[in-house]
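Here are a few friendly notes to read alongside the coordinates.

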Amino acid sequence: MGILSAPARVDEREYWGFCLYDWANSGYVTTVATVLFAPYLTSVAETAACGRVGTAEDPCTTNLQVLGLGISPGSLAFYVVTVATLMSALFLPIVGAIADRSPRKKVLMCAFAWAGALAACCMVFVEGGRWELGALLLFIGNLCLGSSMVVYDSILVDIAGPDDRDDVSSRGWAFGYLGGFILLAINLGVVTMHDALGMSTSTAVRLSLLTAGLWWGLFTFVPFVRLKNRPPASVVPVGSGSLVKQSFGQLFATLKHVRTYPMTLLFLVAYLFFNDGIQTVISVSSTYGEKQLGFETQVLIMTILLVQFIAFFGALAFGRFARRFGTQRTIMGGLVVWMLIVIAGFMLPARQIVPFLAMGAAIGIVLGGTQALSRSAFSQLIPKGREAEYFSLYQAGERGTSWLGTLVFGLVHQLTGSYRPAIVALGLFFVIGLVLLTRVDMRRGIAEAGNAQPTLV
């Protein structure tokens with residue numbers, strides 16, 4: 001059996017459909033959310049505020065005016081992500097509750113994916129001083145990504161048993177990093193050779209944003225064709241009425257009785273903290289590299305390519321570590337490495353590419369593994385029939401929708417005028433997440449949720 005082939009107990013057709021949605025959305029996550037759009041939107045906002053693009057030596061210090069509030073152009077993208085995730089806290093649980101009652105999960109997932117892909121394609125029109133359009137499209141793209149991932153994560157429970165979920169989840173993340181690597185490599189060529197192609201840097205970046213939307217939208221047809229729709233599992237009855245009305249009732253019932261599953265709740269809170277740290281490091285890395293360390297866009301893309309390449313193997317390695325040491329211990333080891341990474345980030349010298357690449361390599365090792373194993377571990381703690389609803393709460397802290405981390409990063413930058421104290425402040429999220437995770441009794445939580453016990457947790 002190949003290293004990326006389906007486990008023996010998982011349907012091959014659905015395995016490929018599941019894994020290739022990670023491949024599909026990786027185009028948006030890497031090219032748009034991680035590498036290009038935050039620094040590009042910052043430059044567009046700086047042009048609107050100062051009439052020029054700021055540099056490390058001569059930053060733009062004039063604020064934008066949003067609803068009477070002064071917003072630093074350098075913090076705009078992070079505030080947009082913050083607002084999108086706060087809205088997600090209200091919107092995504094309803095999406096999850098509807099998905100749990102719907103016999104057409106894959107259709108719901110793909111509809112959100114295609115809406116987000118359209119928003120990403122429209123980013124090609126963000127130029128000049130159109131920072132408002134850029135902020136709106138980033139908001140829509142992140143909200144649609146989170147909504148599609150709510151349904152997608154719940155499908156893991158449908159296609160894989162307790163002993164296979166670490167492998168399937170890890171391989172899905174690995175496919176995502178491989179797809180992100182390929183698309184980003186293409187975009188690196190476009191941005192690097194923009195003069196030879198007869199276009200400006202801005203045009204090359206906007207074209208790359210367009211390709212990310214097309215990648216997401218077109219490859220989403222694979223899970224649409226290969227995944228199966230299933231009748232909804234039995235759920236707690238919450239009265240009659242429309243699907244939306246019943247979904248609200250199910251959500252309120254779950255929030256009311258969530259203390260029945262204390263280990264599930266504790267794991268979710270731990271994940272909220274440490275994943276906020278992970279997602280914020282990912283989303284601010286390109287801006288930190290450009291605005292604080294003075295690297296050009298080409299260097300940033302090459303670094304992210306290195307991260308993507310190593311993360312492909314890192315996700316697979318973490319799946320193997322989990323089979324040997326247990327999922328919980330493997331995640332905790334990854335969090336210790338994340339703490340060391342943000343400390344190293346604070347100390348990085350400006351314009352020194354080798355230390356910057358070394359930090360990128362370290363991120364790649366732990367990036368996919370901690371997230372993939374967190375998804376499979378949480379799936380073991382969810383009561384039957386409420387997978388999508390619980391994963392909607394989980395998605396409040398999922399990739400590209402961090403809120404507390406980006407808020408802290410943006411505020412620290414605005415207060416200090418430097419990204420260095422902002423990056424090291426993120427270490428607190430990993431410390432809190434690790435402490436909480438040590439208190440989670442996985443065996444107890446799985447039993448409380450009424451699920452079968454895997455061989456190793």
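Which helix gives the most to the nonpolar patch?

1. Helix 11 (residues 327–347) does, with 5 residues. Helices here are DSSP runs of H or I, at least four residues, numbered from the N terminus. This is a predicted model, where local features need pLDDT of at least 70, side-chain atom pairs count only at pLDDT 80 or more, and totals for chains, interfaces and linings use all residues. Residues are numbered from 1 along each chain as its sequence is written, and side-chain values use heavy atoms, with hydrogens and water left out.

2. The patch on the surface is made of V336, L340, I343, F346, M347 and V424, and together they have about 550 Å² of accessible area. V336 sits in helix 11 and counts as partly exposed because its relative accessibility is 41% (buried is under 20%, exposed over 50%, partly exposed in between, with a 1.4 Å probe and protein chains only).

3. Helix 5 (residues 165–192) is largely enclosed by the rest of the structure, since 21 of its 28 residues are buried. Its end C-alpha atoms lie 40 Å apart, which agrees with the 40 Å that its 28 residues should span at 1.5 Å a residue (the expected span is 1.5 Å times one less than the number of residues).

4. The largest pocket has a volume of about 490 Å³. Of its 25 lining residues, S43, V53, E290, K291 and T297 are the closest to the centre. Helix 1 gives the most to this lining, with 7 residues. A pocket is an open set of points on a 1 Å grid over the protein atoms alone, where a 1.4 Å probe fits, with protein on both sides within 12 Å along at least five of seven lines; lining residues have an atom within 4 Å of a point.

Technical notes
Helix = DSSP H or I, 4+ residues; strand = E, 2+ residues; numbered from the N terminus. Patch = residues over 30% accessible without salt bridge, like charges linked within 9 Å, V, L, I, M, F, W, Y side chains within 5 Å. Areas by Shrake-Rupley, 256 points an atom, 1.4 Å probe, with all protein chains shown as cover. Salt bridge = Lys/Arg side-chain N within 4 Å of Asp/Glu carboxyl O. Points joined across faces, edges and corners; volume = space filled by probe spheres on them.
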